[in-house]
Amino acid sequence: MATARADEEALPLRSLTTVSVPDQVAKEIRRAILSGDLRAGQAFSLRKVSAQLGVSFIPVREALRELEAQGLVVIRPGKSAMVAPLSHDDLHGIYRLRRQIEPELAGRASALLTKQDIAQAEKHLAVFADASLDIDDVYDAHHAFHQQLLKPAATEWDLRILEGLWHAAERYVRLAFAGLDSDPNEPDRRWHTHHALLQATLTGDADTVAVATRQHLDDNEEIALRALDPIAF
């Protein structure tokens, strides 16, 4: 009986818009995972997602395949899908790959940034200091900020791989900073951290930018590790 009642409870998913249904389904499930509304290790059925979002099984299957490729979901044949567990090995693997790609790419991109690129990066940066915004908006700006600094030197494959790594890393970053999001000083800290990275990028010196980018990744991984220790699977 307990299982039946639990299955009847609504999942923490919001209604969809009409644009690109598989993408919308993936975006909404991803949001629920990254925000922690769908917890690491939590199982959920394709049937339940389809019914709650008002779509057929087909776009849900497509969305789950995309999310599995990003390391956010585990598809188990004959069973419910499951939110991928959080683990030290997973976190280390994500940041090991990011360190292999981002510092070198950021160094090369720094010499190619246009005034428009810099202005756009500063626009994203300003969002970090706005305490009135929803935390999902802040993380969207965070994603866009880092992409803006790398894009001039990035190939489509670079961006495709990094998109997956960024989404996978965001679960850990959100976990690490969840206790700080309500701190009134957190927006300023977030802004200063990324402003320092932008200033290093504006030197146009590849070695300086690579060192700053690597340090940024190291710092985030260390903070995420401390938050992960009590709950890792």
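Good morning. Arg99 is partly exposed, with a relative accessible area of 25%; by definition, partly exposed lies between buried, under 20% relative accessible area, and exposed, over 50%, using a 1.4 Å probe and protein chains only. The model before you is predicted, so local features need pLDDT of at least 70 and side-chain atom pairs count only at pLDDT 80 or more, while totals for chains, interfaces and linings use all residues. Residues are numbered from 1 along each chain as its sequence is written, and side-chain values use heavy atoms, with hydrogens and water left out.

What does the side chain of Arg99 meet in a salt bridge? The partner is Asp218, at 2.9 Å from N to O. A salt bridge here is a side-chain nitrogen of Lys or Arg within 4 Å of a carboxyl oxygen of Asp or Glu. Arg99 belongs to helix α5 (residues 88-110) and Asp218 to helix α10 (residues 206-228), so the pair ties together parts 119 residues apart in sequence. Helices are DSSP runs of H or I of at least four residues, numbered from the N terminus. Asp218 is partly exposed too, with a relative accessible area of 31%.

Helix α10 also holds Arg226 and Glu222, four residues apart, about one turn of the helix. Their side chains form a salt bridge of 3.7 Å, N to O. Arg226 is exposed, at 52% relative accessible area, whereas Glu222 is partly exposed, at 41%.

In helix α9 (residues 186-202), Glu186 and Arg190 are likewise four residues apart. They meet in a salt bridge of 3.8 Å, N to O, and both are buried.

Finally, the structure holds twelve salt bridges, and Glu28, Arg31 and Asp37 are linked in a network of them.

Conventions: Helix = DSSP H or I, 4+ residues; strand = E, 2+ residues; numbered from the N terminus.
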